[in-house]
Amino acid sequence: MLKLYGGAKSRAAIVEWYLEELHVPFEYIVLDLQAGEQTQPNFLAINPMGKVPALVDGTLKLWESGAILLYLAQKYDSSYPQTVETQAEIYQWTLFANSTLSQEIFTPDPADNKAEGILAPLNQILKTQTWILGETFSVADVAVGSALAYIPIALDMDLSPYPAMLLYINRLTERPAFMNTIGKRFQ
Ligand SMILES: N[C@@H](CCC(=O)N[C@@H](CS)C(=O)NCC(=O)O)C(=O)O
(Lines give C-alpha, C1' and ligand atoms only; values in the text may rest on other atoms or scores of the structure.)
Protein backbone atom coordinates (compact mmCIF):
# COMPACT_ATOMS: atom_id res chain seq x y z
CA MET A 1 0.00 0.00 0.00
CA LEU A 2 1.06 3.55 -0.69
CA LYS A 3 2.73 5.19 2.34
CA LEU A 4 2.52 8.89 3.22
CA TYR A 5 4.95 10.30 5.79
CA GLY A 6 3.88 13.42 7.66
CA GLY A 7 4.00 15.22 10.99
CA ALA A 8 1.21 16.13 13.41
CA LYS A 9 0.63 19.56 11.81
CA SER A 10 2.51 19.57 8.56
CA ARG A 11 2.18 20.06 4.82
CA ALA A 12 1.58 16.32 4.57
CA ALA A 13 -2.07 17.14 5.35
CA ILE A 14 -2.31 18.65 1.84
CA VAL A 15 -1.34 15.32 0.27
CA GLU A 16 -3.55 13.46 2.72
CA TRP A 17 -6.49 15.64 1.57
CA TYR A 18 -5.86 14.84 -2.08
CA LEU A 19 -5.50 11.09 -1.43
CA GLU A 20 -8.87 11.20 0.32
CA GLU A 21 -10.38 13.07 -2.65
CA LEU A 22 -9.04 10.37 -4.97
CA HIS A 23 -10.19 7.50 -2.70
CA VAL A 24 -6.71 5.99 -2.94
CA PRO A 25 -5.98 3.78 0.08
CA PHE A 26 -2.80 4.72 1.95
CA GLU A 27 -1.00 4.27 5.22
CA TYR A 28 -0.29 7.55 7.02
CA ILE A 29 2.91 7.46 9.06
CA VAL A 30 3.15 10.38 11.47
CA LEU A 31 6.74 11.24 12.40
CA ASP A 32 7.54 13.12 15.60
CA LEU A 33 9.15 16.19 14.01
CA GLN A 34 9.91 17.75 17.40
CA ALA A 35 11.90 14.68 18.33
CA GLY A 36 13.72 14.78 14.98
CA GLU A 37 12.44 11.50 13.53
CA GLN A 38 12.74 13.10 10.08
CA THR A 39 16.51 13.21 10.51
CA GLN A 40 16.87 9.49 11.27
CA PRO A 41 18.63 7.34 8.66
CA ASN A 42 15.55 5.24 7.88
CA PHE A 43 13.59 8.38 6.88
CA LEU A 44 16.56 10.06 5.16
CA ALA A 45 16.66 6.99 2.90
CA ILE A 46 13.21 8.14 1.69
CA ASN A 47 13.81 11.90 1.70
CA PRO A 48 17.47 12.90 2.05
CA MET A 49 16.29 16.48 2.75
CA GLY A 50 14.69 15.34 6.02
CA LYS A 51 11.31 16.97 5.34
CA VAL A 52 7.71 15.81 5.15
CA PRO A 53 5.60 15.07 3.22
CA ALA A 54 7.21 12.11 1.53
CA LEU A 55 5.46 9.37 -0.36
CA VAL A 56 6.43 5.79 -1.09
CA ASP A 57 4.53 4.12 -3.93
CA GLY A 58 6.07 0.78 -4.85
CA THR A 59 9.72 1.51 -5.64
CA LEU A 60 9.14 5.27 -5.98
CA LYS A 61 10.23 7.55 -3.14
CA LEU A 62 8.93 11.06 -3.73
CA TRP A 63 9.12 14.30 -1.74
CA GLU A 64 8.00 17.95 -2.11
CA SER A 65 4.26 18.32 -1.69
CA GLY A 66 3.78 19.86 -5.16
CA ALA A 67 5.63 17.04 -6.91
CA ILE A 68 3.65 14.48 -4.94
CA LEU A 69 0.33 16.15 -5.83
CA LEU A 70 1.20 16.23 -9.54
CA TYR A 71 2.29 12.59 -9.49
CA LEU A 72 -0.92 11.50 -7.78
CA ALA A 73 -3.00 13.53 -10.24
CA GLN A 74 -1.38 11.91 -13.25
CA LYS A 75 -1.51 8.41 -11.83
CA TYR A 76 -4.80 8.26 -9.94
CA ASP A 77 -7.12 11.11 -11.05
CA SER A 78 -9.50 9.77 -13.71
CA SER A 79 -10.43 13.35 -14.68
CA TYR A 80 -6.79 14.44 -15.16
CA PRO A 81 -6.78 16.51 -18.38
CA GLN A 82 -5.43 14.88 -21.53
CA THR A 83 -4.17 17.96 -23.36
CA VAL A 84 -0.64 19.22 -22.77
CA GLU A 85 -2.02 22.77 -22.57
CA THR A 86 -4.41 22.03 -19.68
CA GLN A 87 -1.74 19.93 -17.99
CA ALA A 88 0.56 22.97 -18.24
CA GLU A 89 -2.09 25.07 -16.46
CA ILE A 90 -2.15 22.49 -13.68
CA TYR A 91 1.65 22.75 -13.29
CA GLN A 92 1.33 26.54 -13.35
CA TRP A 93 -1.19 26.66 -10.50
CA THR A 94 0.55 23.99 -8.42
CA LEU A 95 3.95 25.69 -8.72
CA PHE A 96 2.32 29.09 -8.07
CA ALA A 97 0.72 27.71 -4.88
CA ASN A 98 4.02 26.38 -3.55
CA SER A 99 6.12 29.40 -4.53
CA THR A 100 4.60 32.85 -5.19
CA LEU A 101 1.36 32.35 -3.25
CA SER A 102 2.96 30.68 -0.21
CA GLN A 103 5.83 33.18 -0.06
CA GLU A 104 3.46 36.13 -0.14
CA ILE A 105 0.98 34.72 2.35
CA PHE A 106 3.36 33.15 4.87
CA THR A 107 5.67 36.12 5.46
CA PRO A 108 7.32 36.08 8.89
CA ASP A 109 6.58 39.80 9.31
CA PRO A 110 2.91 40.74 8.56
CA ALA A 111 4.14 44.25 7.60
CA ASP A 112 5.94 42.66 4.62
CA ASN A 113 2.76 41.00 3.41
CA LYS A 114 2.25 41.70 -0.28
CA ALA A 115 -0.55 39.17 -0.69
CA GLU A 116 -3.06 41.79 -1.84
CA GLY A 117 -1.42 41.88 -5.27
CA ILE A 118 -2.31 38.25 -5.86
CA LEU A 119 -5.44 37.85 -3.74
CA ALA A 120 -7.28 40.53 -5.76
CA PRO A 121 -6.78 38.77 -9.16
CA LEU A 122 -7.58 35.41 -7.57
CA ASN A 123 -10.81 36.87 -6.23
CA GLN A 124 -11.59 38.18 -9.71
CA ILE A 125 -11.06 34.72 -11.27
CA LEU A 126 -13.25 33.07 -8.64
CA LYS A 127 -16.11 35.49 -9.29
CA THR A 128 -16.86 33.74 -12.58
CA GLN A 129 -15.91 30.10 -11.91
CA THR A 130 -16.35 27.53 -9.17
CA TRP A 131 -12.85 26.05 -9.16
CA ILE A 132 -9.37 27.16 -10.20
CA LEU A 133 -9.56 25.53 -13.64
CA GLY A 134 -13.24 26.24 -14.26
CA GLU A 135 -16.12 23.98 -13.29
CA THR A 136 -14.16 20.81 -12.45
CA PHE A 137 -12.41 20.36 -9.10
CA SER A 138 -8.77 19.41 -9.67
CA VAL A 139 -5.40 19.04 -8.04
CA ALA A 140 -4.93 22.80 -8.66
CA ASP A 141 -7.66 23.41 -6.07
CA VAL A 142 -5.84 21.22 -3.56
CA ALA A 143 -2.57 23.11 -4.15
CA VAL A 144 -3.97 26.66 -4.23
CA GLY A 145 -6.90 25.96 -1.93
CA SER A 146 -4.80 24.47 0.87
CA ALA A 147 -2.75 27.68 1.03
CA LEU A 148 -5.86 29.89 0.94
CA ALA A 149 -7.79 27.77 3.45
CA TYR A 150 -4.89 28.13 5.87
CA ILE A 151 -5.39 31.93 6.06
CA PRO A 152 -8.56 31.88 8.20
CA ILE A 153 -7.23 28.90 10.20
CA ALA A 154 -3.94 30.46 11.24
CA LEU A 155 -3.28 33.97 9.95
CA ASP A 156 -4.50 37.35 11.05
CA MET A 157 -5.43 38.53 7.57
CA ASP A 158 -8.69 40.25 6.63
CA LEU A 159 -10.23 38.46 3.64
CA SER A 160 -13.44 40.51 3.58
CA PRO A 161 -12.26 42.50 0.49
CA TYR A 162 -12.26 39.16 -1.39
CA PRO A 163 -15.82 37.77 -1.08
CA ALA A 164 -15.53 35.37 -4.02
CA MET A 165 -12.41 33.89 -2.44
CA LEU A 166 -14.18 33.52 0.90
CA LEU A 167 -16.97 31.58 -0.84
CA TYR A 168 -14.32 29.44 -2.56
CA ILE A 169 -12.63 28.70 0.78
CA ASN A 170 -16.05 27.71 2.17
CA ARG A 171 -16.64 25.35 -0.78
CA LEU A 172 -13.26 23.73 -0.14
CA THR A 173 -13.57 23.39 3.60
CA GLU A 174 -17.05 21.84 3.29
CA ARG A 175 -15.68 18.96 1.21
CA PRO A 176 -15.70 15.76 3.29
CA ALA A 177 -12.13 14.89 2.23
CA PHE A 178 -10.93 18.30 3.46
CA MET A 179 -12.84 17.99 6.75
CA ASN A 180 -11.37 14.50 7.38
CA THR A 181 -7.79 15.66 6.82
CA ILE A 182 -6.70 19.31 7.05
CA GLY A 183 -9.90 20.20 8.89
CA LYS A 184 -9.13 17.66 11.64
CA ARG A 185 -5.38 18.13 11.85
CA PHE A 186 -5.46 21.94 12.10
CA GLN A 187 -8.43 22.27 14.49
N1 LIG B 1 8.41 22.76 0.20
C2 LIG B 1 8.28 21.57 1.02
C3 LIG B 1 8.33 21.98 2.48
C4 LIG B 1 8.63 20.77 3.36
C5 LIG B 1 8.76 21.19 4.82
O6 LIG B 1 9.38 22.21 5.16
N7 LIG B 1 8.17 20.37 5.71
C8 LIG B 1 8.22 20.65 7.11
C9 LIG B 1 6.88 20.29 7.76
S10 LIG B 1 5.57 21.24 7.08
C11 LIG B 1 9.25 19.74 7.77
O12 LIG B 1 9.44 18.62 7.36
N13 LIG B 1 9.90 20.25 8.82
C14 LIG B 1 10.83 19.49 9.57
C15 LIG B 1 12.22 20.01 9.48
O16 LIG B 1 12.47 20.97 8.73
O17 LIG B 1 13.09 19.47 10.18
C18 LIG B 1 6.97 20.86 0.66
O19 LIG B 1 5.99 21.54 0.31
O20 LIG B 1 6.92 19.62 0.73
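This is a predicted model: local features need pLDDT of at least 70, side-chain atom pairs count only at pLDDT 80 or more; totals for chains, interfaces and linings use all residues.
1. Domain 1 puts 12 residues into the contact, and domain 2 puts in 14 residues. On the domain 1 side, the elements giving two or more residues are helix 1 (12-22) and helix 3 (65-76). Helix 1 supplies the largest share of that side, with 7 residues. Sorted by class, the side of domain 1 that touches domain 2 has 7 nonpolar, 2 polar and 3 charged residues.

2. **Secondary structure.** I get 9 helices and 4 strands in the chain. Reading from the N terminus, the order is β-α-β-α-β-β-α-α-α-α-α-α-α. As for overall size, the radius of gyration is 16 Å, close to the 16 Å that the globule rule gives for 187 residues, so the chain is as compact as a globular protein of that length.

3. **Box, burial and contacts.** Along the principal axes, the C-alpha atoms fill a box of roughly 45 × 40 × 25 Å. Buried residues account for 30% of the 187 residues. If you take the contacts between residues at least 6 apart in sequence, 61% of them join residues at least 24 apart.

4. **The ligand shell.** Which residues surround the ligand? Going up the numbering, they are Gly7, Ser10, Arg11, Leu33, Gln38, Gly50, Lys51, Val52, Pro53, Glu64, Ser65 and Asn98. By class, this shell divides into 3 nonpolar, 6 polar and 3 charged residues. If you plan to look at the site yourself, that list is the place to start.

5. **Arg171.** This residue is found in helix 7, which spans residues 163-173. Why does Arg171 count as partly exposed? There are 16 C-beta neighbours inside 10 Å of Arg171, and a residue needs 20 or more to be buried, or 12 or fewer to be exposed. Arg171 therefore goes down as partly exposed.

6. Arg171 and Leu55 are 116 residues apart along the chain, and their C-alpha atoms are separated by 27 Å.

Notes
Residues are numbered from 1 along each chain as its sequence is written. A residue is near a molecule or strand if its C-beta atom, placed from the backbone, lies within 6 Å of it. Ala, Val, Leu, Ile, Met, Phe, Trp, Tyr, Cys and Pro count as nonpolar, Asp, Glu, Lys and Arg as charged, and the others, Gly among them, as polar. Two residues are in contact if their C-beta atoms, placed from the backbone, lie within 7 Å. The radius of gyration is taken over C-alpha atoms; the globule rule is 2.2 Å times the number of residues to the power 0.38.
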